[in-house]
Amino acid sequence: MNFNRGMALFCVVSVLGYFLWRNPRKNYKKIVVFFFAFSSLSFFRTVIHMYEDIKPDYWLRQRDDIENVQFKSFPNVYMIQPDGYVAQSTMEKSPYNYQSDLFDWLRNNEFKVYDNFRSNYPASLTSNASLFNMKHHKFADMIFPEIEMANARESITTSNAVANIFKNNGYETYFIAEDEYFQQNKKQEVFDYYNIAIDDFPLNSKGDDTVKDVLSDLKLVMHDSDNPKFFFVEKLMPHHVGFYKTDESVVQERDRYIERIKEVNLWLKTTIKYITEHDENSIIIILADHGGWVGLKSFNHLFSARESELITSTFSNISAIKWNGNLIKNYDTALRTNVNIFRVLFSALSENPTYLESLEDDSSYNLRLNSLGIKRVKKLIDGEGRIFNK
């Protein structure tokens, strides 16, 4: 529930409760009605959540037969996801104003850096749900949409189209995460290997009960067999700005973000060097899930910011691929956002350009607070990169 709506409801309940309890014998019928009405709010919300959890996820359906794609080349594929790492063009402008040496380092190491790249959704779950299914969900038509949409985890760890396509082509699939955030649904079905087992964290986990060294975990399984492999490796850095220290300024949050950029740059270089030395013919994808949110003042500001630079800060993300000779000329000409990255990859590996005819729209979506404090899905950036501030 939005903070303002919650405070308004608290005030109304407090005032009504005060007047009713001044004379409980006289007002007992009203008190019964009051408690019934108040409890109905929670019941109503619960019913809505149950409906959204069990209704069919029609958005998962592909527009073509890409789920039956047949590869002609079978390199190992590593997708490394540094959480919240912005693209170079955004990093070097306000509110970041920083020059990261990673981008030139990637180019010098045979990566193709896709600048002005962005995510289609503002947070990890919504972004990765779209990424791993190569489809827009627009928050899955939730009645009361939230940043953690219904069945997002299931579409990542259970019904993941990308993992299924790799497996259909003889790949072993590996899910290597730094913590159990993506796995809180306690379902591990689609990937062959998870570095965090279901029994490693409690049912009421908030996402940080288990913290793993993902490079060490990757090294343990890189050479498990001679079969081709797909690895998803998540690193929780640089992450996005935090809003829990409300007495500190936006500038201080930006400075902390930049320090984490420096740290994750070293980790990325070390990890890429190791992969290159031990699996020289592989494809390596560096792709963040969303932007760094630098410049935002609060969590609710994520849903109300109108400034173009803050909207860009929310969605801009690093994207760089070491194709190692697997990219077919012009196949990636229209590659601009996360939702299409695997469709382009599968088109290249299958040498089939017809799959490029069903690329998803490159628009970016977020939730907006209306005058009643209710969140609604809005397109903030269109497929051509135009920003909608209203």
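**Figure 1. Surroundings of Asn 326 in the predicted model.** In this predicted model, Asn 326 touches Ser 73, Pro 75, Asn 281, Ile 283, Ala 348 and Leu 349, leaving out residues up to four places away in sequence. Asn 326 sits in the loop that runs between β7 (319–322) and α11, and it counts as buried because its relative accessibility is 13%. A polar atom of the Asn 326 side chain lies 2.9 Å from the backbone oxygen of Trp 323, while the side chain of Asn 326 also reaches the backbone oxygen of Asn 324, at 3.4 Å.

**Figure 2. Helix α7 and its packing partners.** Helix α7 spans residues 161–168, and its buried residues are Ala 161, Val 162, Ala 163, Ile 165 and Phe 166. These buried residues pack against β1, α5 (124–131), β3, β5 and α11 (341–350). At the start of the helix, a side-chain oxygen of Asn 160 comes to within 3.0 Å of the backbone nitrogen of Val 162, and just after the helix Gly 170 adopts a positive phi of about 85 degrees.

**Figure 3. Ile 165 within helix α7.** Ile 165 belongs to helix α7 and is classed as buried because its relative accessibility is 1%. When neighbours within four places in sequence are set aside, the residues in contact with Ile 165 are Ile 66, Glu 67, Val 69, Phe 71, Met 134 and Phe 346. For one of these pairs, Ile 165 and Glu 67, the C-alpha atoms are 5.8 Å apart in space although the two residues are 98 apart in sequence.

**Figure 4. The largest nonpolar core.** In soluble globular proteins, nonpolar side chains tend to be buried together. The largest nonpolar core of this chain has 52 residues, and those with the most contacts inside it are Tyr 85, Leu 106, Leu 218, Phe 231 and Ile 286. Two or more residues of this core come from each of β1 (77–82), α4 (102–108), β3 (172–176), α8 (214–221), β5 (229–235), α9 (250–278), β6 (283–287) and β8 (364–369), with α9 giving the most, nine residues. Around Leu 218, and again leaving aside neighbours within four places in sequence, the contacts are with Tyr 78, Ile 176, Phe 231, Val 233 and Ile 275. Another core, of 49 residues, lies apart from this one and includes Leu 125, Ala 161, Phe 346 and Leu 356.

Figure 5. Ser 94 and Pro 95 are joined by a cis peptide bond with omega of about 10 degrees, and Pro 95 lies in the loop between α3 (88–91) and α4. A cis peptide bond also joins Met 237 and Pro 238, where omega is about 0 degrees, and Pro 238 is placed in the loop between β5 and α9.

Figure 6. Asn 116, although not a glycine, has a positive phi of about 55 degrees, and its place is in the loop between β2 (112–113) and α5. Asn 116 counts as exposed because its relative accessibility is 57%. In Ala 140, likewise a residue other than glycine, phi is positive and near 55 degrees; Ala 140 is found in the loop between α5 and α6 (152–157), and with a relative accessible area of 5% it is buried.

**Figure 7. The chain as the setting for the close-up views.** The secondary structure of the chain comprises eleven helices and nine strands, and buried residues account for 54% of its 390 residues. Of the contacts between residues at least 6 apart in sequence, 71% join residues that are at least 24 apart. The chain exposes about 18400 Å², of which carbon and sulfur atoms supply 53%.

Technical notes
Residues are numbered from 1 along each chain as its sequence is written. This is a predicted model: local features need pLDDT of at least 70, side-chain atom pairs count only at pLDDT 80 or more; totals for chains, interfaces and linings use all residues. Side-chain values use heavy atoms; hydrogens and water are left out. Helices (H or I, at least four residues) and strands (E, at least two) are DSSP runs, numbered from the N terminus. Buried means under 20% relative accessible area, exposed over 50%, partly exposed in between (1.4 Å probe, protein chains only). Contact means heavy atoms within 4.5 Å. Accessible areas come from the Shrake-Rupley method with a 1.4 Å probe; for residues, only the protein chains shown count as cover. A nonpolar core is a set of buried Ala, Val, Leu, Ile, Met, Phe, Trp, Tyr and Cys residues joined through side-chain atoms within 4.5 Å. A polar contact is a pair of N or O atoms within 3.5 Å; within protein, one must be able to donate a hydrogen and the other to accept it, and residues adjacent in sequence count only if both atoms are side-chain atoms.
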